[in-house]
Amino acid sequence: MSLLRVDDVSKSFGGLRAVDHVSLELVEREILGMIGPNGAGKTTLFSVIAGSIPASSGSVFLRERRISGLPANRVVAAGVVRTHQIVRPFTNLTVLENVMVGAMFGSPESRGNPRRRAHEELSFVGLADRAEHPPLGLTLVARKRLELARALATGPRVLLLDEVMAGVNPAEGIEMTKLIRIIRDQRGISIIMIEHILAAVMSVSDRVVVLDYGKKIAQGKPAEVVRDPKVISAYLGEQSAAAKSPQRARREEEAP
Amino acid sequence: MARGLELLLSAILLAGLYATMAYGLGLIFGVLRIVNLNHGGTIMAGAYLGWWFHEHAKIDPYLSLPMVAAFSFGVGVIIYRGLVRHLPRGAAGGAQSLLLLFGVWLVLRNAAYFWFTGNEQVIRTEYSTTAVVILGSALSVNRLIVFAIAALLLVGLHLLLTRTYFGKAVRAVAQNADSCTLAGVHVEGIYTLTFGIGSALAGIAGLLLGTLFTFNPSFGGAELLKSFVIVVLGGLGSVPGTAIAALILAMVEVFAILVLPAYLTGAVGFVLLVLVLIFRPGGLFGHRVLG
Amino acid sequence: MSALRRLRPDWLSPSAAAAFLVTIGLLHALPHVFQLSPYDHNQITLAFIFLAAALAWNWIGGFAGQVSFGHAAMFGVGGFVAARIAQAQLVPFWLTWLVGGVAAGAYGLAWGHPTLRLRGPYFSIATIGVGEATRLVATYWQGFTGGASGLALPIDAGLKHALYWYALYFLALVAIGSYAIRNSRVGLGLMSIKSDVEAAADVGVPVVFSQDLVLFLSSAVVGVAGGIYASYFSFIEPTDMFGFDRSISFVLMAVIGGVGTVFGPALGAVVFVLLRLYLIATYPHLYLGLYGALLVLVVLFEPLGISGLIFRVARRLRAQRSAT
């Protein structure tokens, strides 16, 4: 049985179709990589799954229970949480309090003794010594870890990671990959990760799905997907062209 | 029928004034992303200044317009350079700028009480009561002059914003201030001038309002709210949009007299404001109204 | 002892509780010990009412970050509902306050639920609209508010003196409420909403419910304050109860004292009341401008007002102590 099922979801902003009839499945203890050129609709799809924005059509199911249409906080209570591409810590709270928010308001099972849970998550991501600091003083990678800890504190079954490696150096990237594997292996959380750093995605994902222009163009094992001609042309088309096609540029601009 | 026409003309004349008044608020909000809670204060100051010129220097209010405009512009520049400039930009500064400008409004109110007492005033000239008959309706000369001035100002504004380099710079800053800095546009200067122009428009609107209605130091609150309704309804920066929204508000006000008891017509503007904010979806120049 | 430990929520510090009880005890005994003149006694009673209202305003204005310029609407609703019921002379006066509070809370929720979706300045401007529209309707709704001439309540000879203690314990409850909200789960949720409402929802904070709840509580408390105020003067009228100046006073008290802090608004209320007493005597025409100037100064130099100054001094003292 699938854990998370995205069923023919589309999302349009005015005339722009950001997500175009995408279906995918996530099973237990799986890491699903999501790749695709900029403006392909990946973050928009995350927003739809997480309930931040409503789908224009289609549904999302968690263990065959419909979660599309629920407001974002209820989706979190059900067990699906997302991180943001550009990190969004609560700047008026300490690092520990940030994670406590996740612990206090996440899925019901997570709510006992939030302070202790928050300390545990901070230790897990390696930020235990920064607990009483405000987020502003942290480096980018530390803030990404904070965002991860806060999401984990909600006690999810599905974790949506949005470019969690962007802007971190290779050594930090390897640490992050280790953490992600542990999350799947030891905590049984399934993960969908949007990533541009192909090496990272390929090494850690069980399966990969590829989006382009809002459509799913390929899915399968990492090794297969990487050789798929459609995928190659979607990426090479971006790399070799000196100027982006106007369509793609517009998508990047308009889809949040 | 004749009554209907009279009301319609009345609304149109009023709309010109409302559009000018609202544009001052909208300009500042569109460019600086700041709600000028002192908008009512500047309007009130403009009214009192025009009254003072008329009472003591015997200058016709419409002729004192350039001076009132210059003075209001100056006040706006001082408020920006002296106070507003120091606030953090963006969401963090939002509540702070509200409170800051509100504080300025309180100070201006008090100054007005101090100098002019709390009595109702109005700028009354010899021709205030004269009326001209147009299309079978008797329209007061004042209202016609006010409309003419407002229309000229709005056309001028539209041209300024669309045909001049300055206008382009203002619109660019409104869209993306950081890119403008990179492109060499003096953003702080644009902010200062915009705040000044927005205040000047408010002062002028106050002067014009003062020739039509009575006012006292507490004047300006209702005008602030009406301006806000028009700005939200009509879209930021667009003179035609502001004009249409002003017309809608003016018509609602004027025709509400037909259906509502007298004391409730004052509340119409406020109710319209709350309804507009609730039902008008977010997204004015990409700025989110809703959370 | 361990049973008591289990009852105490983990955010309640024993020293804070002790300090609080001592303060309330002192205030309770004050009139007996110091032989206050009736004027001073009454001024302190009024101060208690305003302190409570300012603290409650701060729940929505400071904790949640949604600045309301229209809270007088609830103050008025609470006051007039309480007064009307008092006129009927069917129930004890404290029940009139309770009913007034509930009515005010419901009113706040009614206009608040749709408008709380709005962020920042949009919400604040909407509250100006709500406040003024309420005032206009109330002023002319003769049947309910007695129109511009207001309502008189049945005068209870001993009540005004006793109001001191009723107001004190009302304030105590509100202060406890302030502390509880701020340090509890609800308070943390509000702070996260204040910082980034979307990110808050994305980690499970129930944004709509939290804001509605706190606006209801804030409105209800301000409504009860209105009811006690009505009992105090035995006469109320719409311009005073619903006026923009009334709404402004709550904002001023909270901001000058320290918006968003737990007890800052109470400090601000004390300053506000003292200033007003002083200014009425010497410069009656200047108090509005003075508050405006204070507001400007607070925003520019010390966003947390008096509380901010106290924190700075405390930090400096602590730094000095650790340096030696």
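Predicted model: local features only at pLDDT ≥ 70, side-chain atom pairs only at ≥ 80, totals over all residues.

Residues are numbered from 1 along each chain as its sequence is written, chains are lettered from A and ligands numbered from 1 in the order in which they are written, and side-chain values use heavy atoms, with hydrogens and water left out.

**Salt bridges**
- A salt bridge is a side-chain nitrogen of Lys or Arg within 4 Å of a carboxyl oxygen of Asp or Glu; the count over all chains is 22.
- A:Asp20 and A:Lys215 are joined by a salt bridge of 2.9 Å, N to O.
- That pair links distant parts of the chain, 195 residues apart, from strand β2 (residues 16–26) to strand β10 (residues 215–220) of chain A; strands are DSSP runs (E, at least two residues) and helices likewise (H or I, at least four), numbered from the N terminus.
- A:Asp20 is buried at 13% relative accessible area, whereas A:Lys215 is partly exposed at 43%; buried means under 20%, exposed over 50% and partly exposed in between (1.4 Å probe, protein chains only).
- In helix α4 (residues 114–125) of chain A, A:Arg117 and A:Glu121 lie four residues apart, about one turn, and their closest N and O atoms are 2.8 Å apart in a salt bridge.

**Backbone angles**
- A:Glu64, a residue other than glycine, has a positive phi near 60° and sits in the loop between β4 (57–62) and β5 (65–66) of chain A.
- B:Lys58 likewise has a positive phi, near 55°, and is exposed at 66% relative accessibility.
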